Amino acid sequence: MPETHEIIIVGAGLSGLSAAHFLRNGAPGLDILILEQDGRPGGAVRSFKEQGYLAEWGPHGFLDNNPASRALLGETGLDRIAQKAPLGSFVRYVCHQGRLAQLPQKPPALLTTPLLSPLGKLRLLGDLFKKPRLEEQSVGQWAAYRFGAEILPLVDAAITGTFAGDYERISIDAVMPGVRALEKEAGSVLKGLLKKKKGAQGGMLPAMTSFPQGMEQLITTLAAGANITYHSPVRAINRVNDAWEIHAEATTYRAATVILALPVNRTLGLLASHAPPLAEIPTARIATVALGFTGKAQVPFGFGYLAPEREKRFAMGALFSTHMFPGRAPKGGVLMEGLVGGRRHPERLELSDGELVSRIYDDLRQLIPLPEPPCFSRVLRGDSGIPQLEMGYPALLAWKDSLERNLDGLHLCGFGWEGIGMNDMMKTAKTVADRILHRVGVKRQAPEVRPVYF
Ligand SMILES: Cc1cc2nc3c(=O)[nH]c(=O)nc-3n(C[C@H](O)[C@H](O)[C@H](O)COP(=O)(O)OP(=O)(O)OC[C@H]3O[C@@H](n4cnc5c(N)ncnc54)[C@H](O)[C@@H]3O)c2cc1C
């Protein structure tokens with residue numbers, strides 16, 4: 001006989017754990033089981049600690065401007081210990097002609113940045129006169145058409161920093177649907193933003209958020225209150241009468257409600273028999289190279305830097321970890337985390353740890369005064385690839401909505417559905433939990449225009 005639960009969640013990553021939290025919070029008596037293939041929770045979220053250094057295999061932080069994640073932190077008490085690095089007082093850098101230059105934090109700063117020529121700045125206003133092109137476009141095509149080609153290195157840096165992706169392939173309709181809607185409605189992005197200014201825009205910039213024990217502290221807190229069966233990879237799910245049968249490694253489970261909280265490609269694999277076969281979406285893997293230095297390293301104040309492809313650098317960028325979140329290196333020391341690989345350079349991940357460390361160090365010391373080689377180094381190679389929301393993605397999202405509408409009791413959230421960031425995961429997990437708790441039908445919310453995207 002199958003083991004029966006009210007709700008089964010497949011995947012104990014951030015999405016699955018958040019969905020379980022919001023469900024328990026809304027209805028404390030619910031019988032929820034999470035099935036996880038691994039022996040640990042967290043999926044892509046994993047912190048590294050050694051010799052007084054604290055680095056990350058996966059995410060380093062998320063912005064504190066999302067109501068769902070704010071609710072989750074408040075309800076778990078994590079808001080009391082969260083570490084914050086406000087965007088308003090920190091700067092981000094971009095590699096420009098072989099040097100680090102400050103990245104404009106808000107759109108108006110584009111008009112004063114030395115990164116654009118006077119003509120390039122004037123061309124930004126060309127947006128006011130460009131008719132919206134309705135067809136799906138890549139971020140690169142869209143930005144060049146609306147704001148001119150000079151903006152492209154900055155756009156490249158933003159897409160590299162968020163998706164480890166290629167701005168010529170990522171779909172603007174997938175990553176900034178709110179801005180696209182505004183553009184189509186008002187006839188131009190700037191006109192739309194000006195109209196909206198009193199509403200969504202303005203106010204303080206958000207802060208990058210982490211925890212004293214790293215991002216994994218969020219996971220261990222959420223997992224502590226959850227009922228999780230580890231080493232249980234789900235192989236198939238089938239509709240049997242009015243419920244779902246979930247076939248895991250050794251056991252068959254039954255539940256009226258199932259949440260697949262998995263990366264897009266894993267979901268597509270499990271649902272292959274329920275829908276016309278869909279092609280997997282590309283993913284981008286990166287390695288984090290943690291480098292510890294003595295206090296002699298003169299790391300500029302800020303979050304870190306990003307390198308557009310045209311700069312031809314080895315690293316996609318680096319995080320100035322001890323500036324963002326102090327205490328991540330032994331006393332007086334400095335930690336930087338270089339990022340390598342991504343959609344454009346998967347071949348770099350084939351290099352040995354020693355080669356990666358020396359290539360990243362060579363790259364960094366051309367940009368930052370580093371009088372001594374690193375006194376600590378570790379290469380962190382995560383298993384998770386970042387889903388790439390490339391051209392065709394909006395059609396996949398429409399498929400997801402229709403599937404959820406037609407298959408009663410089945411809910412989807414997870415890495416690559418509705419975005420790729422931690423805030424996106426917590427928000428979608430909350431939407432799914434609310435839908436289950438209040439039996440609300442599947443309805444897509446109006447896309448938001450966020451004050452900070454990347
Ligand atoms: C290198 C990297 C850097 C990132 N940096 C940032 C950042 O700085 N800021 C930010 O906001 N976001 C960042 N992200 C994104 C963030 O990590 C994700 O949004 C989030 O972790 C996704 O959580 P998830 O639970 O949806 O998916 P996952 O973390 O992939 O979790 C899915 C879980 O399901 C399990 N599973 C898979 N298949 C099965 C199966 N068949 N049966 C049972 N269990 C299964 C997996 O083992 C895993 O535990 C980064 C991601 C990566 C990879």
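Visitor: Which residue in the turn of the hairpin formed by strand 7 and strand 8 has a positive phi?

Guide: This is a predicted model. Strand 7 and strand 8 (residues 99–102) pair in the antiparallel sense over 4 bridges, and 2 residues lie between them in the hairpin. The turn residue with a positive phi, about 50 degrees, is Gln 97.

Visitor: Which residue of strand 8 is the bridge partner of Val 94?

Guide: Val 94 is on one side of strand 7, together with Arg 92 and His 96. In strand 8, its bridge partner is Ala 101.

Visitor: How many bridges join strand 7 to strand 16, and what is the partner of Tyr 93 there?

Guide: Strand 7 and strand 16 (residues 304–306) run parallel, with 3 bridges joining them. Within strand 16, Tyr 93 has as its bridge partner Tyr 305.

Visitor: Are the two faces of strand 7 buried or exposed?

Guide: One side carries Arg 92, Val 94 and His 96, and the other carries Tyr 93 and Cys 95.

Visitor: Which helix gives the largest share of the shell around the ligand?

Guide: Helix 1 (14–26) and helix 14 (422–438) each supply at least two residues of the shell. The largest share is 3 residues, and it comes from helix 1.

Visitor: How many residues of the shell around the ligand are charged?

Guide: There are 35 residues around the ligand, and among those that come nearest are Gly 11 and Pro 59. The shell has 19 nonpolar and 13 polar residues. The number of charged residues is 3.

Notes:
Residues are numbered from 1 along each chain as its sequence is written. This is a predicted model: local features need pLDDT of at least 70, side-chain atom pairs count only at pLDDT 80 or more; totals for chains, interfaces and linings use all residues. A residue is near a molecule or strand if its C-beta atom, placed from the backbone, lies within 6 Å of it. Ala, Val, Leu, Ile, Met, Phe, Trp, Tyr, Cys and Pro count as nonpolar, Asp, Glu, Lys and Arg as charged, and the others, Gly among them, as polar. A residue is buried if 20 or more other C-beta atoms lie within 10 Å of its own, exposed if 12 or fewer, and partly exposed in between; C-beta atoms are placed from the backbone. Two strands pair if DSSP finds at least two bridges between them.
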